[in-house]
Structures are given as structure tokens and as C-alpha cells.
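Student: I am new to this structure, and I would like to learn how its features are read. Could you take me through some of them, one after another?

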Amino acid sequence: MTIQIHHYLILSALLFSIGAAGFLVRRNSLVALMCIELMLNAVNLTLIAFNRWMPANAGGAVPHQGQVFAFFVIAVAAAEAALGLAIVLSLYRVRKVVRTDDANLMKE
Amino acid sequence: MKDLLLYLLPIVILTVGGFTMMLVDAFQKEEGGLSVPTAMLHFAAAAAALALWSRGGSADDLARAQIAFNGWLAFDRTTLFLDFVIALGGGLASLLAGSYLEEHRLERGEFYTLLTFASTGCMMLAGATDLIMVFIGLETLSLGVYALTGFRRTSARSQEGALKYFLLGSFAAALLLYGSALLYGMTGHTDLAGIREALSRPVDGAAIAGQEGAQQFVAIQQTVRDRVSILAMVMIVAGLAFKVGSVPFHMWVPDAYEGAPTPATAYMAVVVKAAAFGAMLRVLVGVFGDPSGSASLAGGWPGLLAWLAVLSMLVGNLIALAQSSVKRMLAYSSISHGGYILAAFVVTPRAEEMAGGGSIGQGAAAAVLFYLLAYTVSNIGAFGALIAAGRRGKEAVSYEDLAGLGKRHPAAALALSFFVLSLAGMPPTVGFFAKYNVIRSAVEAGYSWLALAVVINSAIGLYYYLRVMVKMYMTDPAPGAVRAEPMDSPGLTLTLIASAAMVLALGLMPQRFYDYALEAVKLSVAPVAAAPAAADAPAAAPSAPSAR
């Protein structure tokens with residue numbers, strides 16, 4: 001058996017689903033952050049797998065566009081994680097909670 | 001090339017200005033004083049957008065400029081129009097911030113830098129014609145706005161709002177990205193024009209023609225591509241709907257709006273929305289719009305958006321009725337305003353000619369742009385008036401705080417009533433004409449039920465908007481209750497007067513500004529609305545050049 005494009009795609013779809021499900025189910029904001037990272041990395045895997053699979057210049061496409069996209073995703077994900085952790089930390093300082101259930105001051 | 005760089009001027013002004021302010025803030029001795037420079041930067045960017053607009057430039061020039069930037073950004077009039085709205089909203093919001101932050105002892109320079117960079121992101125998003133650019137613009141603005149939401153560091157509400165906004169916003173961005181990745185895989189392109197073209201062609205089987213089973217293989221590939229592009233469309237719509245806060249992706253809106261410092265709320269409500277709706281115009285119509293009615297199955301998005309529109313209007317309005325906090329009421333009302341704008345989106349892919357020139361689709365896209373401009377000035381005014389109605393420790397947040405304000409402080413009450421009436425859509429304010437355009441384009445395209453939904457919801461909305469005025473003018477505060485006392489600050493007064501002037505000017509000359517919006521739609525390099533099939537004038541929305 002050779003590893004083909006669809007193996008990568010199924011893996012990344014699984015990773016994305018696990019991330020999305022985890023985000024929706026788990027109530028710890030740090031775990032939610034990790035789930036978002038998982039989803040973003042699933043996207044990266046998809047992009048890179050597609051890029052490798054695609055014949056160069058197919059249909060006038062720019063070569064390596066997918067890999068360039070993945071680089072941008074990686075860079076932005078890092079910035080996002082930094083900001084997310086800062087917000088979690090800042091909430092913890094004020095309320096001493098990290099669970100999203102406990103962030104409930106504004107329920108109406 | 002120098003000529004082409006000129007098109008970047010609004011973005012360059014804000015970027016350079018933002019970095020300069022970071023340095024100034026780091027080296028100056030005392031905090032504060034950055035509000036006016038920030039506003040000036042934004043107004044300079046708005047002026048640059050206006051100058052570029054009046055400078056003109058043929059569709060060819062614009063196309064050339066787009067190619068020079070690898071097809072990542074369009075510099076057409078749609079972009080300029082949105083840039084103007086963004087810069088105007090950002091400038092007014094930073095003037096509001098100057099008064100608010102000082103009054104509430106929150107004055108720190110980061111606020112203005114974050115706001116400026118967020119505006120940069122908004123402009124990138126509004127002009128983006130490539131999925132990578134859409135993502136970068138979206139994240140640049142989002143990261144800035146998340147931080148602005150959590151700006152009141154000692155307030156638990158502010159931090160909670162920021163956390164919810166951040167988590168849901170990042171989730172939405174991940175959805176949007178996965179949709180983009182799938183589209184890339186199906187077409188080999190990330191630029192919108194390339195994706196559109198690739199999706200409109202049947203799957204190419206030339207490479208394997210003649211081999212055994214080639215026909216079945218191509219048929220399977222075609223099915224896969226159609227299905228996956230529908231999935232990608234749904235994910236992209238969901239991701240963008242999160243950003244504009246439309247039902248059912250609205251959960252973060254009230255909390256983030258309530259928790260954020262009020263100027264940041266105003267900024268989120270107008271500027272971020274303008275950029276996100278701009279991106280929606282380009283991505284949905286530009287990629288899946290398919291006015292020619294050919295191949296792409298993902299052209300089914302108008303039906304999806306119609307549902308989102310009706311739900312947003314209804315849910316936003318009904319929950320707004322039940323609010324006791326005015327700030328939260330404005331948050332829910334902004335959800336329903338998003339619904340009205342989405343109602344115009346439903347019509348954008350219609351290509352039939354309309355009476356006044358252009359097509360129904362273009363009329364609808366112009367209605368979207370006009371609504372964004374109208375909504376910007378009205379909402380900045382409403383939040384500004386809410387800021388003006390309260391001072392530190394005696395803020396105006398709930399309806400009860402406003403009781404009797406009309407007798408005690410007529411000026412603040414008058415300002416709030418005026419902008420609330422514009423939001424409610426009363427003539428002669430601009431809110432009326434914004435809704436009128438939406439309703440008209442829905443009726444023209446034969447979506448009478450959608451127009452009816454807009455009308456009914458405007459009527460529901462009237463109740464809670466008028467309740468603000470009833471509280472202010474017809475009730476007395478409960479004995480012993482904390483009374484809101486208005487603050488006075490020249491910057492705030494100036495902002496309110498400027499917004500009021502624009503609300504009236506737009507309301508008295510709606511046709512003129514609508515014509516600008518229509519021109520913006522027609523002279524767009526990347527399609528933002530369906531053009532009539534027989535476009536004889538070369539200027540009428542030429543098909544976008546791809547980046548090859």
C-alpha cells in the first residue's frame with residue numbers, strides 16, 4: 001500500500017473534527033485553545049497535501065501557493081496563541097477561573 | 001510602479017502612523033494624548049481614499065494595479081468606498097476613545113495603536129481578492145479587536161467578553177481556513193478570480209484521456225469537486241457570518257459588546273462589520289456568484305444567506321426587546337442590522353437590468369455599501385451619545401440609568417434620541433433610506449417575503465428604540481437610584497455633531513450617496529455583484545484578471 005493524497009485528507013479531516021468537537025465539548029479555555037491549534041494544523045496538513053499532489057502549474061496555478069498559505073497560517077496561529085494565552089491569564093488574574101463555564105457574569 | 005503604489009496610500013498611512021505612535025507612546029513621559037493624532041491618521045486615510053476616488057483611473061489601470069500586487073488586493077472603487085467607511089468609523093471611534101478613556105482612567109497608548117492596526121487589517125480585508133489575503137486581513141483586525149475588547153484589565157466582564165470573542169472568533173477563522181484549503185485543493189488557486197474560473201470549467205480529463213476507465217474517473221472527480229466546493233462554501237459563509245455576528249453565530253456579540261470599553265464596542269459594531277461584509281461581497285459573489293448560471297453548484301449560497309438574514313433579524317430583535325441594558329440592546333440591535341444587510345446580499349447575484357441603470361444585483365450590492373456607511377455614522381453617534389450620557393461612577397448603561405435624563409440634561413438626551421431614531425429607520429435620517437434601499441432591491445428581485453420580513457422586523461425594532469426615548473423623557477428616576485450624569489468633553493461633542501451632520505446629510509441627499517455606492521459597485525475589478533449579461537460599456541465590471 002502506498003500513502004496517497006486521500007490518506008492525508010482523511011487524517012486532516014479527522015484532526016479537524018477532533019479539534020472542532022473538543023472545542024465544542026470541553027469547557028477548559030486552555031483546552032479550547034489547544035483544540036483551535038489542532039484545527040489550524042489540520043488546515044496546514046490539508047494545504048500541504050494538496051500542494052504536493054497538485055501537478056506544478058496545473059490550470060495556471062501558482063506553484064507552492066499552498067505551502068505559502070501554510071506558512072502564513074503558522075505565523076498567524078503563533079500570534080493568535082500568544083494573544084489567547086494573554087487573555088486567559090488576564091481573566092485568571094481578575095476572576096481566578098479558566099473554565100469557560102465560570103465566565104458567566106453576563107448571562108441574560 | 002510609483003503610480004501603482006499610490007493605490008496603497010490609505011493602508012500605508014495607517015501602517016506607518018501606527019508604528020510611529022508605538023514609538024511615541026514608548027518614549028513619551030506621560031500617558032495619553034494619542035486620540036487626536038489617531039483620528040487625524042484615520043481622516044488622512046479617508047481623504048486619501050477620496051482623492052484616489054476622484055483621481056479616477058480606468059478599469060484597466062485598476063486591473064494593472066491588481067496584477068502588480070499579484071492579485072492579492074483590488075484597488076477598485078468598492079475598496080475605496082469601504083476604505084472610506086473604515087477610516088471614517090475608526091477616526092470617529094478614536095475621538096470617542098479620547099474622551100471615554102480619560103474619563104474612566106483607562107488612558108493608555110496601546111488602545112490607539114491597536115485600533116490603528118485593526119483598521120489596517122480591515123482595509124486589507126475589504127480589498128482582499130485572494131483567500132490568503134482574506135485570512136491575513138481578518139486576523140490582523142481580529143487580533144487588534146480581541147485586545148481592545150479586553151482593554152479594561154481590572155474588569156471581569158471585559159476579560160470575559162474578550163475570552164468569548166477570542167475563542168469563538170478563532171474557531172470561526174479555523175472554519176474559514178479549512179474552507180479555503182478545500183477550495184484550494186479543488187481548484188489549485190487561492191485567488192478569487194482563479195477559483196471562480198476553475199469552478200466554472202468542468203474537470204479536465206485531458207491528461208488521462210484514452211486510458212481505461214478515464215471517463216468514470218473524470219465523472220467521480222467532478223462529483224467530488226462539486227460536493228467539496230459546496231462544503232467549502234458553507235464553511236466560508238459560516239466563518240464570515242461569525243465575524244459579522246449573524247444568527248446562529250452570534251453568541252459572542254452581546255458579551256463582547258457589553259464587556260468592551262464603549263468606544264471599542266462602537267468600533268467593533270461599525271468598522272469590523274464594514275470590512276467583514278466587504279469581504280463577504282467579494283468572496284461570495286466573486287467566487288460563487290455565478291451570474292451566468294453555469295456549472296458551480298455552490299451558487300446556492302443566496303438561499304443559505306436568506307435564512308441567516310431572517311434569523312438574524314428576528315432573533316436579534318426579539319432578544320433586544322428583553323434587555324435591560326442599553327449597551328446590550330444596541331448589541332442585539334446590531335445583530336438585527338446585520339440581518340437587514342444580509343437580506344440585500346441575497347439579491348446580489350441577480351443579473352436582470354433595473355430601471356435606473358445597472359442590474360438588480362448591482363443595486364443590491366450598492367444597498368449593502370450604502371447601509372454600511374449609514375450604519376457607521378448612526379451607530380458611532382448612538383454609542384457616542386451613550387458615552388456622553390454618563391461619567392465615571394455614574395455611567396449610563398441600563399434603561400433605568402437614563403430615566404429622566406431628558407429633563408436633567410436635554411442635550412445628551414437629544415443626541416441619544418436622534419441617533420436611536422436613525423437606527424430605528426425614521427425619515428429624514430439616513431437609517432430610513434438605508435432600509436428603503438434594501439427593501440427596494442429585495443422587491444425588485446422578487447423576494448417580497450424577504451422585504452416583508454425587513455418591514456416587520458423594523459416595526460419590532462421600533463419598540464425598543466422608542467423605549468429609550470420614553471425612559472428619557474417620560475419617566476422619573478426611582479428615588480435613591482444612581483443617576484447618570486453626562487460628561488462634557490470637546491472631542492466628544494465634536495464627534496457627536498459631526499456624526500449628526502452626516503446622518504442628516506445622508507438622509508437629505510440619499511440618492512447622491514446611493515449613486516456613489518452604485519458607482520463603487522460598477523467600477524469594481526473583482527465582481528461584487530452580478531452585471532447584466534450584455535455589458536456594452538467597458539467600465540461595467542470587467543471580469544477580473546487572474547494573477548498569472
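Tutor: Please keep in mind that this is a predicted model. Let us begin with a pair of helices in chain B: the axes of helix 7 (residues 131-149) of chain B and helix 12 (residues 262-288) of chain B come within 11 Å, and they cross at roughly 165 degrees.

Student: Is helix 7 of chain B roughly parallel or roughly antiparallel to helix 12 of chain B?

Tutor: An angle over 145 degrees counts as roughly antiparallel, and therefore helix 7 of chain B is roughly antiparallel to helix 12 of chain B. The crossing of these two helices is left-handed.

Student: Which residues of helix 7 of chain B and helix 12 of chain B meet?

Tutor: From helix 7 of chain B come V134(B), L141(B), V145(B), L148(B) and T149(B), and they meet residues of helix 12 of chain B, among them A264(B), Y267(B), M268(B) and A275(B). By class, this contact has 11 nonpolar, one polar and no charged residues.

Student: Which residues touch the most other members of the largest nonpolar core?

Tutor: This core has 240 residues, and those touching the most other members are A275(B), V368(B) and Y371(B). Its largest share, 21 residues, comes from helix 15 of chain B.

Student: How many residues of chain A are in contact with chain B?

Tutor: There are 37 residues of chain A in contact with 40 residues of chain B. Helix 3 of chain A gives the most to the side of chain A that touches chain B, with 16 residues, and by class that side has 26 nonpolar, eight polar and three charged residues.

Student: Is A103(A) buried or exposed?

Tutor: A residue counts as buried if 20 or more other C-beta atoms lie within 10 Å of its own, and A103(A) is buried because it has 25. A103(A) lies in the segment after helix 3 (65-95) of chain A, and its contacts, leaving aside neighbours within four places in sequence, include L91(A), E160(B) and L163(B).

How values were computed: Residues numbered from 1 in each chain as written. Chains lettered and ligands numbered in written order. Predicted model: local features only at pLDDT ≥ 70, side-chain atom pairs only at ≥ 80, totals over all residues. Core = buried A, V, L, I, M, F, W, Y, C linked by C-beta atoms within 7 Å. Buried ≥ 20, exposed ≤ 12 C-beta atoms within 10 Å, placed from the backbone. Helix = DSSP H or I, 4+ residues; strand = E, 2+ residues; numbered from the N terminus. Contact = placed C-beta atoms within 7 Å. Nonpolar A, V, L, I, M, F, W, Y, C, P; charged D, E, K, R; others polar. Axes fitted to C-alpha atoms, helices over the stretch in contact; angles between N-to-C directions. Parallel < 35°, antiparallel > 145°, perpendicular 65-115°, else oblique. Left-handed = near helix turned anticlockwise from the far one by under 90°.
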